[in-house]
Amino acid sequence: MLVSAISLTAQADITVVKADALLDVKTGKLQQKPLLILEDNRIRDIGEQGKLAIPEGAKLLDLSGQTLLPGLMDMHVHITSDAAVHGYKGLAVSLPAETITGVANAKTTLEAGFTTIRNVGASGYSDVALRDAINKGEVPGPRIFASGIPLGITGGHCDNNLLPYEYQDKSPAVADGPWAVREKVRMNIKYGADLIKYCATGGVLSKGTKVGAQQYSQEEMNAIVEEANLRGIHVAAHAHGTEGIKAAIKAGVRSVEHASFLDDEAIKLAKQHGTYLSMDIYNTEYILGEGEKAGILEESLDKERVVGSKQRDSFSRAVKAGVKMVFSTDAGVYPHGDNGKQFSRMVRFGMTPLQAIQAATINAATLLGKEGELGSIETGKFADMIAVPGNPLQDISLLETVPWVIKDGNVAKRP
Ligand SMILES: [Zn+2]
């Protein structure tokens, strides 16, 4: 017994990391000349170079010239979607093909500095399978919090609306009525979902939906949230239109996705309920620039022309009002790996660089209920971090091309 205990200790994987600076995302303070001791996949100790003793036999990771930040977190991703495949092109993609696309996207996302994502919608349970494969070490990728198949009304944004009636095509998570939606929540949990996503309003990229119109009644939304909460998981609601946003907040969702048409009351409600807004303000540039080539429908481009600028205006007002916000990009609509491009837009539309970084780190971790393990570089937390050559508080664009990525104490990307 004692012998095995000793050999286990001797096998602990110790890495010492030194860098020029470390960003405390909670305070915005830069610690100069930090020295970190990583043990297996956790941060064991943080000190100053020359003061903290280096354990014997430790591996050294010298990141001189770099600033350390916690691994970035994107709270709205479609990891199994391909940005070049929209609209009718998507009908030719099988579930196995989608899953393999997800494997490639997971690596790209991790190498962009995103060590955690929340996946809010995938076919089948491709996102759940990918999460499990990453956790087992079969393929590289970020930590995934997966929703499985999003719930929606018949003909709504989360249904499949491309084919005519005779094909009887329908998303397997379409449900109408309070008990029907509860059954789909239970189905998603049965197949491994970490959270529930549902569509509270129409959307930009779906055929035949009005982006501003509410889908699901208050009663149905209440049932979804109550059922998910009973099972100890949270709910993310896709909502562009004002009334749908308000109904979702009143139902008690953890986050409102997109949140495009905010009025003063919606902002007030979000503050009262502590709801996170999860606003994807970068992808409008991709949709309007590249979307047509990728197969995005003309009606969707028309909707985006209205929604894109409204959403950015809503974002500015929500920031000013002090609503809780997370970094969310809708990657998969635009190419995975470009997630970091949204930081500069968040700053342009009203956040300080620190607020934008907090949205992608400590706020995201708190949304997930994982602030004890993720979201900042602190003793005891997972050793998920990135390093960039400079101070991102002075130059936020440093987060667009991240040279160093560490996940679970292992280097996932080096220059
Ligand atoms: Zn989405």
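# Reading a zinc site and its surroundings

User: What spacing do the donor residues of the zinc ion have in sequence?

Analyst: The donor residues follow the pattern H-x1-H-x251-D. His 78 sits in the loop between β6 and α2, and Asp 330 in the loop between β13 (325-327) and α10 (342-348), so this pair ties together parts that are 252 residues apart in sequence. The model is predicted: local features need pLDDT of at least 70 and side-chain atom pairs count only at pLDDT 80 or more, while totals for chains, interfaces and linings use all residues. Residues are numbered from 1 along each chain as its sequence is written, and side-chain values use heavy atoms, with hydrogens and water left out.

User: Which atoms are the protein donors of the zinc ion?

Analyst: In general, donors are N, O and S atoms within 2.8 Å of the metal (3.2 Å for Na, K and Ca); water is not among the atoms, so sites may look incomplete. Here the protein donors are NE2 of His 76, NE2 of His 78 and OD of Asp 330, lying 2.1 to 2.3 Å from the zinc ion.

User: Is His 78 buried or exposed?

Analyst: A residue is called buried under 20% relative accessible area, exposed over 50%, and partly exposed in between (1.4 Å probe, protein chains only). His 78 counts as buried at 13% relative accessibility, and Asp 330 is buried with 7%.

User: What span does helix α5 have?

Analyst: Helices (H or I, at least four residues) and strands (E, at least two) are DSSP runs, numbered from the N terminus. The expected span of a helix is 1.5 Å times one less than its number of residues. Helix α5 (residues 218-230) has 13 residues and reaches 18 Å from its first C-alpha to its last, close to the expected 18 Å. After α5 comes Gly 232, with a positive phi near 80 degrees.

User: Which residues of α5 are buried, and what covers them?

Analyst: The buried residues of α5 are Glu 220, Met 221, Ala 223, Ile 224, Val 225, Glu 227 and Ala 228. Their cover includes α4 (178-190), β9 (195-199), β10 (234-239) and α6 (242-251). Such cover is read from contacts, where contact means heavy atoms within 4.5 Å.

User: Which residues does Thr 275 touch?

Analyst: Thr 275 lies in the loop between α7 (264-273) and β12 (276-279), and counts as buried at 1% relative accessibility. Leaving out residues up to four places away in sequence, Thr 275 touches Ile 249, Val 253, Arg 254, Ser 255, Val 256, Ala 270, Val 323 and Lys 324.

User: How many salt bridges are counted?

Analyst: A salt bridge is a side-chain nitrogen of Lys or Arg within 4 Å of a carboxyl oxygen of Asp or Glu. By this rule the count comes to 30 salt bridges. One of them joins Glu 378 and Lys 26, whose closest N and O atoms are 2.8 Å apart. Glu 378 lies in the loop between α12 (362-367) and β14 (385-388) and Lys 26 in the loop between β1 (14-23) and β2 (30-32), so the pair ties together parts that are 352 residues apart in sequence. Glu 378 is partly exposed, with a relative accessible area of 29%, and Lys 26 is partly exposed as well, with 45%.

User: What separates the closest N and O atoms of Lys 246 and Glu 265?

Analyst: In this salt bridge, the closest N and O atoms are 2.8 Å apart. The pair links distant parts of the chain, with Lys 246 in helix α6 and Glu 265 in helix α7, 19 residues apart. Lys 246 counts as buried at 5% relative accessibility, whereas Glu 265 is partly exposed at 43%. Salt bridges that share partners also join Arg 182, Arg 186, Glu 226 and Glu 227 into one network.

User: Which residues make the nonpolar surface patch of about 390 Å²?

Analyst: Patches are made of residues with over 30% relative accessible area and no salt bridge; like charges are joined within 9 Å, and nonpolar side chains (Val, Leu, Ile, Met, Phe, Trp, Tyr) within 5 Å. Accessible areas come from the Shrake-Rupley method with a 1.4 Å probe, and for residues only the protein chains shown count as cover. Tyr 88, Leu 91, Leu 163 and Tyr 167 make this patch. Leu 91 is found in the loop between β6 (72-77) and α2 (95-111), and is partly exposed with a relative accessible area of 42%.

User: What phi does Ala 259 have?

Analyst: Ala 259 has a positive phi of about 50 degrees although it is not a glycine. Ala 259 is placed in the loop between β11 (255-258) and α7, and is buried with a relative accessible area of 0%. Asp 40 also has a positive phi, near 55 degrees; this residue is in the loop between β3 (34-39) and β4 (42-48) and is partly exposed, with 40% relative accessible area.
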